[in-house]
Amino acid sequence: MSEQLIPRLRNRVVDPRPGRGVWHSHRAVWTVLALLLILIANRLISANFFSITMVNGRLIGSLITILDGSAPIMLLSIGMTLVIATKGVDLSVGAVMAICASAAVVMVNRYEAGATEFYYTPGVIILLAVGLGALCGLWNGILVAVINIQPIIATLILMISGRGIAQMITSGQSPTFTNDTLAFIGRGVLFGLPFPIYLYLAVLIVVFLLVRRTALGLLIESVGVNARASYYAGINAALVKILVYMVSGMCAALAGLVIAGEVKSADPHKNGEFAELDAILAVVIGGTSLSGGRFSLVLSALGVLIIQSLLTGLYVSKLHPTANLVVKAIVVLLVLLLQSDEFRNRLTRLVRRSS
Amino acid sequence: MRHIKWMLVVVMLLALVAPAALAQDDGGAGLTIGFSQIGSESAWRTSFTDAVQAEAEARGINLLFSDAQQEQENQIAAMQAWIAQGDVDAIILAPVVVSGWDVVLEEARDAGIPVVIVDRNVDADESLYVTRVSSDFVHEGRLAAAWLVQATSGQCNIVELYGTVGSAAAEDRNDGFEEVIALFPGMQIIRSETGNFVRTEGKQVMESILSAEDPANICAVFAHNDDMAIGAVEAIKEAGLDPAEDILIVSVDAIPDIFDSLDAGDVNATVELSPFMGGPAFDAVVAHLNGEELPKWVPVAGKLYTSREAYDADH
């Protein structure tokens, strides 16, 4: 029974016809095109947009700024893609960033103050922060998969309370730190490039291999398409869901550490504020449907680059800041329309009829 | 006889001095005042609360403190409790949002309890509160611009790091700044972008601007708050430039971190967002209870500091 079902499921989620898989779908072409158009527009706005120079052993330029600035949302989008593929959503990632960053900064400050226990060494602190992120994900996962609360509500609980938890960890303050190991995650430079770029590439590759070289990706998609059918097919849907929320929590922890490292401060109030919205937007631009099923980590990453290129374009433009949000909204709408088969068909029909 | 004469002089002197002494004493000693604070979301908010409590203690005012934890309902509930119990002489309200205060302010008026608004604004009718004590953001912008004009003799291409668009702090600081530099044709804002008052965004904006604009063409950065200035310092350093030397940096707030940057010679000046609103608020309460008419806005103006020593000398 289940042997019959799984090949059929595969048909449902990944079109096996040549040139029609996730990677080769039309959608990918249009997403790449949207990114290129935005980059070209940026080049028109600012003459030296593509120029990259070497300063003090470090590459400097707008493209590097885009890649570096993408890091937090890029990390979030990896976990968010998996969560959304299971027909869920994780609103708590911004708050989880604040919790994990606050915990790490408070601990590293104890280390700097002379604490000698092994769990106060910076390397262990980073692992503990990621573990804390996984714990937050476990909480979300249990609410969603075991207690069956709607994901948007289940994760809203931690989204709201999480900032409070972060503030409790730092006693309402925004502590700063000087430890170089922790700061390296956000501001380190390796072979001329900012460290966060290596970090998210590594996470992206590990998670990609995990879901595409094992059956996990298929299981995630099947749970998203039809959780009940997956259950009857012998898939432990609850476990799959808990797992993706835990991955999302760990990604959020790393994103929080990147921001904390960049500014050498925990900032429980602002760290990750509204980050969940950009992460969800990136996943949607990347073509993963909010109703679950087929997903693509690579296209979500392109979605992040689109958002970040757009933002950097706004920074270098001489537009008054009051126009930023409206311009951002219009460009995002255009990108989504460009990707829509329906819209493009109607447009070509309209053009043909009028000519 | 001579004794009586001297005694008379003393009595007359006392009679002259006594009212003045009494008046000086009237900082509100013995009053009970309820203070509804927004919460403790930032270091600035905490120091604001501490400053009000210290001022109350120094004046012998019995302060009832209520932390609303960012919720308007909590503020209204606390005010209604004070009004119902009738045990406060006045209420000081630091409102979390602008609207929705009319009903509770009317209740306070009907109970004869004066209300002084501090920090943020309310859109209720002016007759419903005694006065509003708040920071003069326009003054802060003017002061930053005046310093920059002097430091550059009125010749400077400025990058402005804007706060959250639409917030009173950002808009007013921008207005005050532009008002002053408009007097000097050599001063102009060549780029203005928002960093939402956040450090990371301040850094990203500055990175982008440094790559789009010839850094030699940028003379100064005016940041609407210290956090964005600290972010900009990072970006300027990464671009191989010397902040506060190649590019002057002036910002607003005077948070503790900015003094580390001042010590390190990374920024030039900061304008204090004064947390000392307790004094003027208590003065307003006392003046009102003495039957004086007050203007509807009492601005609290911060000072500009270029070193930690100058700041410490004032605090």
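In what order do the six strands of the open sheet with parallel pairing in chain B stand? The order is β2-β1-β3-β4-β5-β11. The edges of this sheet are formed by β2 (62-67) and β11 (297-300) of chain B, each of which pairs on one side only. From one strand to the next, the twist averages 20 degrees, with axes taken as lines fitted to C-alpha atoms, for helices over the stretch in contact, and angles running from 0 to 180 degrees between N-to-C directions. Strands are DSSP runs of E of at least two residues and helices are runs of H or I of at least four, both numbered from the N terminus; two strands pair if DSSP finds at least two bridges between them.

The model is predicted, and local features need pLDDT of at least 70, side-chain atom pairs count only at pLDDT 80 or more, and totals for chains, interfaces and linings use all residues. Residues are numbered from 1 along each chain as its sequence is written, while chains are lettered from A and ligands numbered from 1 in the order in which they are written.

Within the parallel sheet, strand β3 (residues 90-93) of chain B pairs with strand β4 (residues 115-118) of chain B over three bridges. Ile92(B) has Val116(B) in β4(B) as its bridge partner.

Chain B as a whole contains 11 helices and 12 strands. Its C-alpha trace spans about 85 × 60 × 30 Å along the principal axes. Of the 315 residues in chain B, 48% are buried, a residue being buried if 20 or more other C-beta atoms lie within 10 Å of its own, exposed if 12 or fewer, and partly exposed in between, with C-beta atoms placed from the backbone. Among contacts in chain B between residues at least 6 apart in sequence, 75% join residues at least 24 apart; two residues are in contact if their C-beta atoms, placed from the backbone, lie within 7 Å. Chain B is divided into domain 1 (30-129) and domain 2 (137-272), with bounds that come from an automatic or database domain assignment. The centres of these two domains, taken over C-alpha atoms, are separated by 34 Å.

A further open sheet of chain B, with mixed pairing, has six strands in the order β7-β6-β8-β9-β10-β12. Strand β9 (residues 248-253) of chain B is mostly covered, six of its six residues being buried. On one side of β9(B) the buried residues are Leu248(B), Val250(B) and Val252(B), and on the other Ile249(B), Ser251(B) and Asp253(B). Strand β8 (residues 220-223) of chain B runs parallel to β9(B) and is joined to β9(B) by four bridges. Opposite Ile249(B) stands Val221(B), and opposite Ser251(B) stands Ala223(B). Helix α8 (residues 226-238) of chain B lies across β6 (156-162), β8, β9 and β10 (269-272) of chain B, at about 155 degrees to β9(B).

The largest nonpolar core comprises 158 residues, of which Cys100(A) and Ala104(A) touch the most other members. Such a core is a set of buried Ala, Val, Leu, Ile, Met, Phe, Trp, Tyr and Cys residues joined through C-beta atoms within 7 Å. Helix α12 (residues 237-263) of chain A supplies the largest share of this core, 19 residues. Residues up to four places away in sequence not being counted, Ala104(A) touches Ile125(A), Ile126(A), Ala129(A), Leu182(A), Leu257(A) and Ala260(A). Another core, of 40 residues, lies apart from it and includes Ile33(B), Val104(B), Ala284(B) and Val300(B).

Elsewhere in chain A, helix α13 (residues 275-285) is mostly covered, with nine of its 11 residues buried, among them Ile280(A), Leu281(A) and Val283(A). Gly287(A), which follows α13(A), has a positive phi near 95 degrees. Val332(A), in helix α15 (residues 324-339) of chain A, is partly exposed, with 18 other C-beta atoms within 10 Å.

Between the chains, 28 residues of chain A are in contact with 26 residues of chain B. On the side of chain A that touches chain B, the elements giving two or more residues are β2 (58-60), α3 (62-69), α12 and α14 (297-316) of chain A.
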